[in-house]
Structures are given as structure tokens and as C-alpha cells.
Amino acid sequence: MKAVIEPAGDIMRRLLRLLRWRVWVQEKLQPTEWQVTLLWAALAGFLGALSSLIFTALAEGLHGLFSKNGVGVVDSMRALPWWGCLLVPAAGGACAGLVLLVGRRFARQQSTDYMEAIAIGNGRIAIRASLVKSAAALFSIGSGGSIGREGPLVQLAAVLASWLGRTRQFTPPQLRLLVACGAAAGIASAYNAPIAGSFFVAEIILGTIAMESLGPLVVSAVVATLTVRVLTAAHELYHVPGFRLNSPLEMGPYVILGLISGSLAPLFLRSLRQSEKFFARFKLPLVARLALGGLLVGAIAINVPEVAGNGYPVVVAILNGHLVWNILIGIFACKWLATMSSFGSGAPGGVFTPSLFMGASVGYLFGTAVHEVWPVAAQDPRAFALVGMGAFLSAASRAPVMAVIMLFEMTLSYDIILPLMLCSVIAYYTAKGFQDRSLYSEVLQRKAAEEPASNLFALTRVADLMKLKPPVVGENAPFADIAQLFLKERVNNLYVIDGQTKFLGVVALHDIKPYLSEPDLAQLVIARDIMREDFPHATPDQPLAGALGRFLTVTAERLPVVEESGVLVGSLAKTDLLLALVEKQKKPVA
Amino acid sequence: MPSRTGANKPNPIKNNSGGCALVLPALRVAWPVNSPSDLLAHPDVVVPELVAENAADAIATLHARLSHATSDVTDPGGFLAALRERARLAPVAIAPDVAVPHARTDAVKRLVLALGRSTAGIPFDADHQQVRLVFLIGPPRDQVGEYLQIVAAIARLLRNGALRTAMLAAGDEDELRALLTRTIKVAV
């Protein structure tokens, strides 16, 4: 091999000086892989917040097209004539259907579900299919469909995070975590609720609150919330008067409310599923089905404009006591029907906020009823509405912790925390007793049944976690090449290979660190002079526990992965291994 | 921390010979070598007048002398082959008139060093036609730190212009050795 002679001149000196800097930075700041993970989580949070804001602005802009003025969905429905009420949601549904249809040409029909990607997939979400779905959601939301907008928001944020991780070639565990961070950012920015965002993803999707995953989730949620607060004048979502537990006697009715909510929530979910089956029976084409769903909503909205949209303004009205109970019963029933028809016709969107509405109505109605009979036990029905929201959400999503935290964050009402917590827990157990399936496990169980092959628990070998194409040098590489590679890659050890990519040894930055001021040395040394051959390595078929054992023998963040034949195939990071072990221990999704 | 023998100063508590070396520096010559700097001060072999036509010749001569001088070269044939191979792969000269042929090998029990001087100059390769000082180093395979240390020490030494001139001007082996001993002690 013809050796390249590098004179101990300016180039070498500059190179060595750069490398000295890098070593100095590394020692003083010691950025570990974890800190880098947190940085990426922060970036995912920022992007997620931006996407949420853009989506919301677009939805509102679209709604502005349908209605002449910039008022809420309910008000604009109220202002429309009867044919307008019918036409607008139907047209919106039809447009959504068209978008989905056209989108099928451009994007393959793949699963876009972020929950699936995180929980049982490898973190890859189809980008074009997701964008198509989000665009369709814009139409169904903007035209007043009785569906929530948080579903598409979270989806978009998750997709962005997935794209980000894929461009940097993250390994599957890292990518899954990054997508989870994106989802947390989506929820946090949608509801201005960072705690709820991070805990929702941790509790429901990842199934663990181990710090390995919770840390990045928190960072992402915080950055997202900060971004939203800086860019818009955001405040808590539901501005409510201060509620208090007025007397211990109130706990009795609250317990009953928990039982009621826990019974109603599964009923509500089942009704949505039945509605889906109902619509499917007619075998309508997609556009017609969505238009029909919109038409039904519009028909109801002629008389009861409050059913349009996700229900947010109505919930605010309930919480502030602006609705009388007899009117509310009507709205409650109609909204249930409207949500069934929107959801059943397949309108893309979420059911989170509609669930909140259901809970608020049930709570308020119950509170009013108790107040009539026994005033001291239910002094403020509005407080019951708030607690009802939490209980219903807890029962529907099977995440009581998240429900409590989210209600608190959305209303900043702490004094009501005692009944809120109790009710949420009672509702959870009640709903679980009725049926073992929640709003979200539906999705996952169906998908898992369809694709039994993609099972997380098959991820037990090193080969599934390793990163391909680790930074390598040839055994005769001159010191200049080694130094440059150390500068380019943020690793502490370079792997030395021969002509047939057989692993020979490791060049450690630690070894050459004291000699970075010696350009003469740099002239002489090549990789095989300074490589260490006794560096531990893992094999691709090794189980994770064995690989962990190898890490104990050396203080390195990564190990080379070498086949039996001696060929170097990849590198395994200690943090990936720990993440995978945490994932293996998580409880299955409820 | 595995596989790293005490690289810098000998630990006075753990290393027996090191402890004594700290206490009785004057007798260091007779005691076992504790660090690469010690080795540089007392090379296994010093050849004041190295006669060779080219790099291969110079390496072979020094290698032969080294193998005879110390029993720590357990496989002379293997050692020579490794040296030749390494010299073939990449240049071993670090200055216009200094060459450091070396090879990591299992053929030695410890780090070995041979120094050869040629007043006439030996052509090592295209860019180094007048090599006057040749340091032959044989580090055991796992002593990466020690190898780097001794090469760095050699490089530092040779930056000292006065020493270099003195080395080239020295009369015989004893003078050369004395020069090295004196200088290394001062430097370290």
C-alpha cells in the first residue's frame, strides 16, 4: 500500500489542535449519549409545537372559508341558514373523502398510527400517508365535524419526530423514543399541558415511567409548551372559577359520579364502534360515507348548533354555569349522536375532547340532580362537571393518572383535586370491570391481530439493536485519518478493520489523548501501531443479557458487533441496550 | 480498568522495584526498567557506528544485535518479519535524519529498544535519504500506552538541537549512553 506521507506541518498541527479541543470539551462538559438524546427530544418538542400551531391555524383558516367571520364553530353554525348547516359539514366531509382518495394515489396505504409505531413498531411512520390523513382531518374539523382535533395534532408531531430520527439514522429503540417525544410534544402543545403530555405517552403508549424514557418525554413536552406560550398568548385551556370541596359530605355524591362515569364511558366507546359497523353496512364509497356523516351532523346542528365542532365552547359554558340543565340534556343526547355519526363515518380526528364534553355534561347533570334533592351535598354542580370530565376521561382512556393531571393542567383548579383523584380512580376500576378494553387499546389490539409478525418481544438479539456502519479505519490508516475521524464522529473508540472488513481492534481516543501536541508522533503512527486487540465485543445473535455483561468489563459507551467469521457488522450502544431492557419489562398496554 | 499497565509513574506502593527506584535513584542503572523513559535512558543496545546500505539492512543489523543482547526477544524470526512488514506499510522516519522502525509483536516479553547511529547517513526512503539516528523499538502487543510514551519521548528528545548535535558527535558507545542517561534524567 502506498503510504501517504503527511509532513509535520501546519495541517497536522491544526488537526491535532482541533482534536485537543474536542477532547477538552468532552472532558469538561462530558456530553454523554443521554444528553444528546435530550437535545434531540428538545428539538422534537420544538418541531411538534410548531406543527400544532400551524395545523390549528390552518383549521381555523379553513373554517373561516366556510363561515364568513372569525367566530367559533358553534356560533357560525348558529348563524347559518338551515341549508347552510346541512351543506357545510357535508361538503367538509366530502372534501375530506376526496383528499383521502386522491392521497391514496400518492401515498401507499400504510399504517400511520403513531401509537402503533411506538408500541409495537420500530418508530417509522409513513410520512406521506400521515400528511394526507392530516389534510383530510383539516377538512372534517374545519367544517364543524363532531370530532376532536387533538388526534391529528399529535399525529403530526409524531410524524415530524419520526422523520427527524430517520434522517439521522436512529436505531429502532431511539426512533421509538423520539416518536414518543413527538407525541408528548403534540399533546402538550395542543392542551398547554406538559405534565399530562409526557405522562400520557409514558403511561399509555410506552407503559413505563422509567427515567430512561420519561426524561426525554418531559424535555420534549416542556420545550413544546414553552414554544406555544412564547408564540401565542396561551393560558390554561379551560378558564374556570375556583372550585372547592365545600364539605366532606360531597365526597359521597362524587363517588357515585365516579361509578356513573365509569359505566357510561365504555357505553360511549361501544356506541362509537357500533356506529362504525353501522356505516360500514351500507357499503358506501368513501366520499359519500363521509359526506353522509357530515350531513347527519349538520341536520342535528340546525336545531342544536352546539353539536358542531369538538365541543370545547360548550364545555367552557358548562364549567362556567352558563347552561341550564334541561337544555343541556338535549345537547348531551344530540352531541352523542353527532359524535357517533362523525366517528362512525370515518372522519379523521380524535375523540378526546368529545369525551371531555360527555364527562362534563354527565357531571353537571348529576350535580344538578343531587343539588335539587340534597343541596349541601352538591353545592356547585359546575365542580361536578369538572370532576366528571376527569372521571370520564380516566374511564375512556384507561389512564387515571393522566386524566387527573390533565384536568388539573387544563383548568388549574387544585382545590378540587381530592374528588378529582378519587373519582378518576373509581371510574377507571368501574370501566375496567365492564370491559377490558379502552379507547386506545382498540387500535393496538386490532393492529396486533392483523400483523402478528411485528412483535416487540422478538427484539431480543443484539442484531436488532445495533447501529450499522460504525466509524472504521483501515489498519494502515495514518494518524491524520484517525484524528479526522475522531473529530467527525462523536465516538471515543474507532474500530480497525482489514481489507475484508474483519475486525482487528480498537483505537481509543483515551490512548492518544496525552500525545495530541506531538506532531512528530503523528507522522509515525498508523492504526495498527496503537490499536487494542483485547477490546470486548458482542455477536449479532447474542441475547441482550449477555451483551450487557460485556459492557461491564470496559468503560465504553459502545461495543463493536462482530460475527463469528470475524467480520465487523455494527456497533451496539449501552443506552440502546438499557432502553430495550426497560421496554421488555414494561407492562402490556391495557 | 483492565488491560492498562501503570503507564506514567510507577506506583510506589504497588510496584516494588518502583518504590526502591524512588528511594535510590543513583542505583537506577542496575534495577529493572520501570517506564519507557528509563528504557530510553538505558537502551538495550547502542551501536555507535551503524553500517547499512538501506533501511532493511539497518533494521536487520540492529535486530540481530538486540536479539543477542537480551533474552527478552523470544522469537527473533517473528520479530524481524514484523519489523520488515511494518516498515513496508508506512514510513518510519519522523525527521529528516531520524528513523524509528518498530512493530507491535508477541515476540518480545517487554518493551525493547536499540539505538544505532550512522555518521554517513542511511537512505531509508525517498524523502529521508540521510538518516543518522535509528531507534528500533519492539513493544509487546498490548502495551499501546508504553509504545506511545517512548516514541513521544524520542520525539521530544530530538527537538533538543544541542543534544542531537552531541549525539552525532559522541565518540563511542559509553559516551552515547552517558549522554542519554544524563539528558533523560534531567528531562524527566
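**Stop one: where the chains meet**

Show chain A and chain B together: three salt bridges cross their interface, each being a side-chain nitrogen of Lys or Arg within 4 Å of a carboxyl oxygen of Asp or Glu. Select A:Glu533 and B:Arg141 to see their side chains meet in a salt bridge, at 2.8 Å from N to O.

Before you go on, some ground rules. This is a predicted model, where local features need pLDDT of at least 70 and side-chain atom pairs count only at pLDDT 80 or more, while totals for chains, interfaces and linings use all residues. Residues are numbered from 1 along each chain as its sequence is written, chains are lettered from A and ligands numbered from 1 in the order in which they are written, and side-chain values use heavy atoms, leaving out hydrogens and water.

Now colour the whole interface: 24 residues of chain A are in contact (heavy atoms within 4.5 Å) with 29 residues of chain B.

Next, pick A:Tyr114, A:Val201, A:Leu217 and A:Met406. They are among the residues with the most contacts inside the largest nonpolar core, which has 105 residues. Such a core is a set of buried Ala, Val, Leu, Ile, Met, Phe, Trp, Tyr and Cys residues joined through side-chain atoms within 4.5 Å; buried means under 20% relative accessible area (1.4 Å probe, protein chains only).

Which residues does A:Met406 touch, leaving aside neighbours within four places in sequence? Look for A:Ile187, A:Tyr191, A:Ala196, A:Phe352 and A:Leu393.

**Last stop: another core**

Finish with A:Val23, A:Val473, B:Ala93 and B:Val131, which are included in a second, separate core of 85 residues.

Notes
Buried < 20%, exposed > 50% of the residue type's maximum accessible area, 1.4 Å probe, protein only.
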